Amino acid sequence: MAARLITLNQFIVERQKDFPCSEGRLSRLLADIGAAAKIISREVNKAGLVDILGADGSTNVQGEEVQKLDAYANNTFISFLRNGGECAVIASEEDEDVIITEDAYVHTNPKYVVAMDPLDGSSNIDVNASIGTIFSIYRRRSKQGEASKADVLQKGSEQVASGYVIYGSSTMLVLTTGNGVNGFTLDPSIGEFCLSHPKIRIKPDGKIFSVNEGNYHAFNPGVKKFIEWCKDPAKEEGPLKARYIGSLVADFHRNLLKGGIFMYPSTAETPNGKLRLVYECNPMAFIVEQAGGRATNGTVRIMDIQPTELHQRVPYAVGSENLMDQLHTTLGVWG
Ligand code: AHG
Ligand code: MN
Ligand code: MN
């Protein structure tokens with residue numbers, strides 16, 4: 001007998017039992033995100049045809065204006081989240097300020113807020129390397145009709161769900177609702193995300209380190225020492241493998257499945273590193289912790305940091321438990 005196929009939507013409905021108070025509204029929101037991801041996946045897969053179909057700002061063969069892929073992904077997510085009626089506020093990397101989606105839906109009293117990086121790793125589009133989407137879901141804090149930026153500025157530990165979509169050799173959606181991590185692969189022939197990676201766990205001992213070593217000269221001495229440890233052939237497990245794509249989603253996904261550590265540390269010029277706390281670091285931190293790993297800024301747990309700005313950056317290290325321990329031992333700080 002063939003193994004039972006479980007689609008994302010079936011899985012979400014089954015998981016509804018975990019949220020008895022949410023009356024199916026979180027399920028609806030997650031289904032909207034899955035639907036938006038399928039549309040973006042379709043668009044990403046034909047990105048190489050952009051020169052044929054028309055570049056940004058021009059018109060394509062259908063006479064429609066062609067958008068840059070990150071703007072397209074942003075607009076698609078916003079439109080699904082807005083029309084779904086379950087999301088009160090959206091924060092996006094692409095938008096300076098939050099978007100209050102509640103306005104048209106005050107009557108439905110949306111219960112959730114979403115922070116997202118609609119297209120991560122966009123510099124990789126031109127070279128056919130993997131890119132992704134990252135999302136994070138919180139319960140709103142405000143009263144009906146009073147949604148604001150404060151609803152999004154919550155600690156990562158308050159997340160209700162988070163996930164990412166990787167547009168790679170296949171498209172996958174990886175999700176946590178706080179009860180483990182599950183991965184779904186898009187089967188384009190039926191247009192459904194199907195459960196392909198149930199109960200993902202990250203190995204405690206990884207063999208991969210991922211960091212932009214081009215910035216080595218500017219890292220602090222502790223980070224340099226840790227990188228030297230990673231490369232040291234004299235240690236029992238030998239040198240780790242260096243792997244760095246330059247797409248957080250793709251680097252994180254590989255390390256989650258194979259075991260490893262990813263870092264975007266601070267430098268003298270960029271004391272907060274590069275990555276954004278609210279819609280890049282926190283969602284990935286929730287996933288990695290749910291898979292048995294860790295995420296810190298080198299000192300404290302990422303999900304314990306109180307965000308003060310929508311687009312604030314943090315130094316970031318995320319990955320396998322023992323590698324994270326080694327990092328903190330080497331840095332000499334562990335909060
Ligand atoms: P985005 O495309 O959303 O702006 O994010 C790019 C980020 C992230 O995906 C990646 O980890 C990092 O930039 C790579 O930065 P460097 O090129 O400085 O290594
Ligand atoms: Mn990004
Ligand atoms: Mn982006």
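Which domains give residues to the shell around ligand 1? Domain 1 (8-197) and domain 2 (208-331) both do, so ligand 1 lies between them; the domain bounds come from an automatic or database domain assignment.

A quick word on ground rules. This is a predicted model, so to speak: local features need pLDDT of at least 70, side-chain atom pairs count only at pLDDT 80 or more, and totals for chains, interfaces and linings use all residues. Residues are numbered from 1 along each chain as its sequence is written, chains are lettered from A and ligands numbered from 1 in the order in which they are written, and side-chain values use heavy atoms, with hydrogens and water left out.

**Around the ligand**

The shell holds 16 residues, and Asp120, Gly121, Asn212, Tyr244 and Tyr264 come nearest (near means a heavy atom within 4 Å). By type, the shell splits into 6 nonpolar, 5 polar and 5 charged residues; Tyr counts as nonpolar and Gly as polar in that scheme, while Asp, Glu, Lys and Arg are the charged ones. Strand E3 (112-120) and strand E11 (260-264) each supply at least two shell residues, and E3 gives the most, with 3. Strands here are DSSP runs of at least two residues, numbered from the N terminus.

| Residue | Part | Distance to a ligand 1 oxygen |
|---|---|---|
| Tyr244 | side chain | 2.5 Å |
| Leu248 | backbone | 2.8 Å |
| Lys274 | side chain | 2.9 Å |

Taken alone, ligand 1 exposes 480 Å², and the protein buries 79% of that (Shrake-Rupley, 1.4 Å probe).

**Out in the loops**

Ser142 sits in the loop between strand E4 (131-139) and strand E5 (161-167).

Two asparagines have a positive phi without being glycine. For Asn109 phi is about 50 degrees, and this residue is found in the loop between strand E2 (99-100) and E3. For Asn128 phi is near 65 degrees, and its place is the loop between E3 and E4.

How values were computed: A polar contact is a pair of N or O atoms within 3.5 Å; within protein, one must be able to donate a hydrogen and the other to accept it, and residues adjacent in sequence count only if both atoms are side-chain atoms. Helices (H or I, at least four residues) and strands (E, at least two) are DSSP runs, numbered from the N terminus.
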